[in-house]
Amino acid sequence: MLGLGVLLAGCGRPSGSWAIGPFERPVKDPVITPDASSVFFCPMRSDSVKWRESDTFNPAAVVKDGKICVLFRAEDNSATGIGSRTSRIGYAETCDGVNMTIDPEPVLFPADDDFKVFDWPGGCEDPRVACTEDGLFVMTYTSWNRDTPRLSIATSRDLKTWTKHGPAFAGIEGGRYDDMACKSGSIVTRLDGDNLFIEKIKGKYLMYWGEDMVNLATSDDLIHWTPMLGPDGELLSLIAPREGMFDSSLTECGPPAIHTKDGIVLIYNGRSNESHAYCAGQVLFDADDPVKVLDRLDEPFISPELDFEKSGQYVDGTVFVEGLVRYNGRWYLYYGCADSFVGLAVSR
């Protein structure tokens, strides 16, 4: 049984020696951009659609067959305004981290299936992807029906053919969470050489999730998840926005969390109440008690700096981190830029 631990709200300014990084941008341009030439037949619209015409952003990343594979959110040009278009998830791969070969059609999208009540018409958004040791890829993504966003699960063996399993918390505790707005699932992984594999801790799979606060959920099968509750029977808040800091408005989980020698490192996205910019931070949890905060960076480790990180749909600037892989001895960090492009930062 996972203990609740003690949450350290005022643990002082952390040294950050446990944090992943520092990161540098190897190129000063986005690595994935919109493209109006990519067309596929949309089952939702029963028509051909330029599925990545307007924006390409918020990417997941994993390594497969010696390549970095990036799964990114793409929006068509069906409307104007953030959250008003339809999102689909595309697939790209690269051998050098920068130059991408992009599939002409999306790999996950609102289809005429059992999940259209969750996916239509807003689509499938903001993937994170992790892999088991036996090669099962697990994607957490947001199903957006333009009413309630829901954290959903899909699985694949090849990253291109995905099986949807629906909302992660569906049916749990008598349906308590069926209509709860939720998103951003970061499944806990461990580093084995240059490989990141999903792991169990104390017999359970773990997933940090949430955006207004960060909570923890547990699972036996990676498909059905149970949120963790506090002594009052309500969702347990592990970290939350901090007044006057870069994450004063929002704390939203980023890539799959990583179990290191120091503990479990969760990279998360923070938004400022003052600047409205999205930057990324890191928090360290106790691996023996995964709700216990050991340390947290006071400053973001990556912020919007380049023009394309500050000029797009989201004009206040965004580095929205969702993809992190270990490749050829380096960390490759993929992130969304201003809700319009995909950027890259690298660290040894």
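I counted aromatic pairs first, and the structure holds eleven. For this, rings of Phe, Tyr and Trp (its six-membered ring) pair if their centres lie within 6.5 Å; planes under 30 degrees apart count as stacked, over 60 as edge-to-face and the rest as tilted.

I then looked up Trp51 and Phe72: their ring centres are 6.2 Å apart and their planes at 25°, so I noted the pair as stacked. This pair links distant parts of the chain, 21 residues apart, with Trp51 in the loop between β2 (47-50) and β3 (55-64) and Phe72 in strand β4 (residues 67-75). Strands are DSSP runs (E, at least two residues), numbered from the N terminus.

A reminder to myself: this is a predicted model, where local features need pLDDT of at least 70 and side-chain atom pairs count only at pLDDT 80 or more, while totals for chains, interfaces and linings use all residues. Residues are numbered from 1 along each chain as its sequence is written, and side-chain values use heavy atoms, with hydrogens and water left out.

Buried means under 20% relative accessible area (1.4 Å probe, protein chains only).

Next I checked Phe169 and Trp209, a tilted pair with 4.9 Å centre to centre and 55° between the planes. Phe169 and Trp209 are both buried. I also found that ring pairs join Phe169, Tyr177 and Trp209 in a cluster.

Last, I looked for charges over rings (NZ of Lys or CZ of Arg within 6 Å of the ring centre and within 35 degrees of the ring normal). Arg52 lies over the face of Trp51, 5.9 Å from the ring centre. The charged end of Lys116 sits over the ring of Trp120, at 5.0 Å from its centre.

Terms used:
Helices (H or I, at least four residues) and strands (E, at least two) are DSSP runs, numbered from the N terminus. Buried means under 20% relative accessible area, exposed over 50%, partly exposed in between (1.4 Å probe, protein chains only).
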